[in-house]
Amino acid sequence: MSSVLESTMVANEQPDVVEAAMRPFRKASKKFWLAIALLTVLVVIGIAAWIYQLRQGMGVAGYTDRSFWAIYIADVVAIIGVSYGGAVVSAILLLTGASWRAPLVRLSEGMALVTVIVGAAFIIPHLGRPDRLLGMVTSANVASPVFWDMIAIGTYAFATFVFFLLPLVPDTATLLGSHPDELGRGRRFLFRFVSRGWVGTTHQRQVLHSAMIIVAIVIIPLAVSVHSVLAWAFALVSRPGWHESIWAPYFVIAALYSGVALVILVTAGFRRGYHLEAFITKKHFVRLGYIMVALGAVYVYLTFADLLPSAYVGESGPTQIINGMLVGGVAVWFWLFLVAGTILPIVLIALPWTRQISGIVIASILVVIAMWIKRLIMVIETSGYDRLTNSFGELFRFTWVSVAVTLGGIAAIPLLLMLLFRLVPLLSIAEVQEATEKTDEPVAEPSSPGKASHGHAAGAAGAVILLLVTIGVIGVAKAQPAYAAPNPAVPTAVATQATVAVTAVEKGPENTLTATVTLAGKPVEGALVNFYESTTMFAPGNNLVPLGAVETDVTGIAKVTYVAAVTGPRTISATYFPTVLGDPVTGTANLDVTEAVSQYVPTPPRALAEAGKTLVFGLFGLVIIVFIILIAQVVRVRRACRPVANGSFEQAPTT
Amino acid sequence: MIGRDRSDKRPARRVDLGLTPVDRGPTPVDLGLTPAGEELDMSRRNLLRGMGIAGIAAAGGALGLIAYRDEAQAATVEGASGQEHQWCRVVDLRACKGERKCVSACQKRHGLPPEQTWMRTLSWHDESGKEFFMPVMCQMCQNPPCLDVCPVSATIKTDQGVILVDQDKCLGSRACMAACPYEARYFNWNEPAPTNRMPAPSPNTPQFPANQIGTVGKCVLCADLMPYSNQLPSCVEACPRGAHFIGDLVTDVAVNGKSTVRLSTFLREGNAVRFKEELGTNPRCYYIPGNGQPVGGPLVGVK
């Protein structure tokens, strides 16, 4: 079908969007149920494989100590990543007033919601002990990036839900009005609950529009935060390949790139399945394709920017990681990603004769698969690099368990989408109608008067989130070895028979040990005396700690001054070897130390530890503000829908 | 069954690990039930209708439970405090000949499978083909990256400076394995063999870890031995050449099972270094550089 024909259809014939939105609610075809059954089987196999993995341990999924992070974390990153594509198509296009987004928004928002849930669920097979997941709340460690992953994903998922829910209010009301009998009891109940009080007044539409703008503003920094924190789960450790400052924006772009690709695929699938050709035209695919290609080009640039500095400097770890990508263990996958995942899609969309719906869909399939591969190699290569031997261990190998779990999760995405859009309308009826009206005659756009101020507030909140998150990095510590102490010792001594008399005197923290060596009543000069103190550390009896060796002077006296590390009684001994091989002569004395100075200095706090703590509380405050903003939008819309006596509409609280 | 948990017979003797966070957040913040602006000027009942209330409550409630795990978590082992002991390790590389007896003693002592070595002896060859050895175990960092990244606070630092894993709490996220610059952590990918623990019977505590499936394990400095008996860590006892020392920074004493040294003197005279000093982990493991030279000092190492 030519695009010219389709666009004229939109403009002139005005296909019945309500009728189209009702299609999924009617009796489904055999093919539909066959697809549902097939996908369900895949999901069930995946769950069964996961249960097997729970019983046997993660070893059956191919995990080893040299692939401690592998396929499941790559699934988390890839699937939550595509969620962002749904949000961006909807939110950014809403904010820029691109009315062509109208037939795509419900599909892309639904895709965002489903993928964030499935992606977050992949954390469960990733964990060794998912039964202890509650520990993330009951004994949370807020210094952990994984904790903030949970917060960021949770907040973003809630925002995605609100973003999906709000536009349903007018649509469900429309369908309840036009096809009350065809909906079925369950849907009727749900639609009544969602659309309660909506009659479509100007005030209601204004409030809804303004609420949507605010949610769209909030959801963009939230999605950025999700992918940044996911990146920081890797970048906040000092492993080569992961410890890269570029990783947060790199993940965000990767998410957008693969996400737009999945939006194209989902749109193409539902367009074909429910015959939405009248609403979704080649024009939509081409525009999405352009967005995708632009993001792909940025991604290639960032990949180069990521690799160049390390490759140029040539530090062992990063160099080996890059070498592994270019010619080593994961080279096949890396070049497959680069050619099939970036160059080929760009070519497919750049050339006019492949810039057809089929070409764009093929490009999107390539992008989605290649971006998953890229995430996998990013994870398994660095994980496989042993930082002690500076070499690669055996890289991750697929097993049927990990493949089955991954396929099950991937199958859950279309399955949940197909079921979701049997429950709620798959086209944003209100927006499509509005967009169609606008193409016919420019009607006064219900742009909200509160838009600027709310937008400002939410935008500022988003900016502060980004700023704070950027500042927060872990401090560097100062080393402080515990050195110090007395004299070195040089062996060898000469003499025949002797006695050693010892005295030990404490004066302040210093203890003076004196040994007098006599031989037949005469002092011995030049005798090497080893001084020791006794300790009960590490041994049941007394251990002798050497304090130094000193030669006696003319009067036969050797003296050592030392500072004891601990207080308490001890035995001081002085040993003298009259001959090299003969028995030692030892004298002892008791010393009760009352003043001691330990060489131990406690570790100083890390340089930026305080900043980290402040950041945590700032972030918690921001998360709460975001939730308040989101809930406030739901409440606003609900309030606008509240029926009021004597027919006048309640005024929105003036700002 | 997910892992046969041995935590069920935890006796009363379980040491107080100070797992209660030292640094609790302030009292849970106001949940925002009071109006925060004109938009929120509405009754509480209205707000309750808002569907996100549970989310906010969870976020607010979490504030009371969290801990910022940057600080030493006080863990008292039977009354001994951080003022009495600060454990550390010294490895005298001058004495090490790469016999790996420390490794096998450790494996035997902790009942570890061959692929899970809490201690490894690395080796290198120089240009002339001469081999160098270096045993590496958990370096007991005082700024431990593994502790920072653990999402469930399962990695703990005792106030005597020992880093331990609470295997009853470990979520198996392996963030610590990613964070450790010394590759000192191992995961129980499959059901581990029953742990050979001493002194038996011993409780399942971080000091006496009973390896559990789906959790992480690492060198415990044989911290289980020190407070209860006078046995030295198994690697220290096993080394026939006295390369391994266990030391205490407070009392300034280190032993290798054959001789005793004044720690500070020994480190200074041996020009002790720490592994990957530049990472700022502040490890408590010192290496005396060398490679089989005759050992200096009258009473140091093996004669």
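In what order do the 4 strands of the open sheet in chain A stand? The order is β7-β6-β9-β10, and the pairing is antiparallel. Two strands count as paired if DSSP finds at least two bridges between them, while strands (E, at least two residues) and helices (H or I, at least four residues) are DSSP runs numbered from the N terminus.

This is a predicted model, in which local features need pLDDT of at least 70 and side-chain atom pairs count only at pLDDT 80 or more, whereas totals for chains, interfaces and linings use all residues. Residues are numbered from 1 along each chain as its sequence is written, and chains are lettered from A and ligands numbered from 1 in the order in which they are written.

**The sheet of chain A**

The edge strands of this sheet are β7 (543-551) and β10 (585-593) of chain A, each of which pairs on one side only. Strand β6 (residues 528-535) of chain A is joined to β7(A) by 8 bridges, and the two run antiparallel; Ser534(A) stands opposite Leu544(A) in β7(A).

**Domains and a helix of chain A**

Chain A is divided into domain 1 (28-236 + 398-479), domain 2 (238-394) and domain 3 (499-593), with bounds that come from an automatic or database domain assignment. The centres of domain 1 and domain 2 of chain A, taken over C-alpha atoms, are separated by 21 Å. Their contact takes 38 residues from domain 1 of chain A and 37 residues from domain 2 of chain A, where contact requires C-beta atoms, placed from the backbone, to lie within 7 Å. On the side of domain 1 of chain A that touches domain 2 of chain A, α4(A) gives the most, with 13 residues.

Helix α16 (residues 357-383) of chain A has 27 residues, which at 1.5 Å a residue should span 39 Å, and its end C-alpha atoms are 39 Å apart, which agrees; the expected span is 1.5 Å times one less than the number of residues. Because 22 of the 27 residues of α16(A) are buried, this helix is largely enclosed by the rest of the structure.

A residue is buried if 20 or more other C-beta atoms, placed from the backbone, lie within 10 Å of its own, exposed if 12 or fewer do, and partly exposed in between.

Most residues other than glycine have a negative phi.

Notes
Contact = placed C-beta atoms within 7 Å.
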